[in-house]
Amino acid sequence: QLQLVESGGGLVQPGGSLRLSCAASGFALDYFATAWFRQAPGMEREGVSCISSSDSGNTTYYADSVKGRFTISRDNAKNTVYLQMNSLKPEDTGAYYCAADPTFYYCSGSGFKTRRADYWGQGTQVTVSS
């Protein structure tokens with residue numbers, strides 16, 4: 001069974017850091033582009049970051065709102081993709097979801113932009129508040 005499981009969310013003060021993990025089971029995540037999305041209450045889901053598959057160079061993409069603060073990376077030995085989030089702001093609050101898709105140009109193409117993917121995790125909550 002193909003499954004993605006997120007972890008690492010929580011409550012953090014503004015300026016703090018969190019590292020989210022997206023662990024895959026049932027398939028090799030390095031063959032898939034993997035993205036992080038977030039959704040705040042009453043808002044549309046938005047793309048936060050994306051990393052292309054290992055065979056397409058692990059190219060990374062970031063939303064303008066998180067550039068310089070968030071870093072996406074993958075550990076193939078652990079079949080896991082991470083999102084390191086630094087200098088967190090209250091507007092980063094939301095449910096964070098990871099998603100995986102086998103499309104070669106997923107991150108740079110329409111898939112990430114239109115927030116579609118073949119596989120999704122259940123989400124982890126991030127709350128940034130003092």
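This note goes through the fold, the surface and the charged pairs of the structure above.

1. The model is a predicted one, in which local features need pLDDT of at least 70 and side-chain atom pairs count only at pLDDT 80 or more, while totals for chains, interfaces and linings use all residues. Residues are numbered from 1 along each chain as its sequence is written, and side-chain values use heavy atoms, with hydrogens and water left out.

2. The chain holds 1 helix and 11 strands, where helices (H or I, at least four residues) and strands (E, at least two) are DSSP runs numbered from the N terminus. Along the sequence they follow the pattern β-β-β-β-β-β-β-β-β-α-β-β. The radius of gyration is 14 Å, close to the 14 Å that the globule rule gives for 130 residues, so the chain is as compact as a globular protein of that length; this radius is taken over C-alpha atoms, and the rule is 2.2 Å times the number of residues to the power 0.38.

3. Of the 130 residues, 45% count as buried, a term that means under 20% relative accessible area, with exposed meaning over 50% and partly exposed in between (1.4 Å probe, protein chains only). Among contacts (heavy atoms within 4.5 Å) between residues at least 6 apart in sequence, 59% join residues at least 24 apart.

4. The structure holds 5 salt bridges, each being a side-chain nitrogen of Lys or Arg within 4 Å of a carboxyl oxygen of Asp or Glu. As a general point, side chains of opposite charge can pair when their charged atoms come close.

5. One of these salt bridges joins the side chains of Glu46 and Arg38, at 2.6 Å from N to O. Glu46 is partly exposed, with a relative accessible area of 33%, whereas Arg38 counts as buried at 5%.

6. Another salt bridge is formed by Glu44 and Arg115, whose closest N and O atoms are 3.5 Å apart. This pair links distant parts of the chain, since Glu44 lies in the loop between β4 (33-39) and β5 (46-51) and Arg115 in the loop between α1 (110-113) and β10 (119-120), 71 residues apart. Glu44 counts as exposed at 61% relative accessibility, while Arg115 is partly exposed at 34%.

7. The side chains of Asp64 and Lys67 also meet in a salt bridge, at 3.1 Å from N to O, and both residues are exposed. Elsewhere, salt bridges that share partners join Arg38, Glu46, Arg69 and Asp92 into one network.
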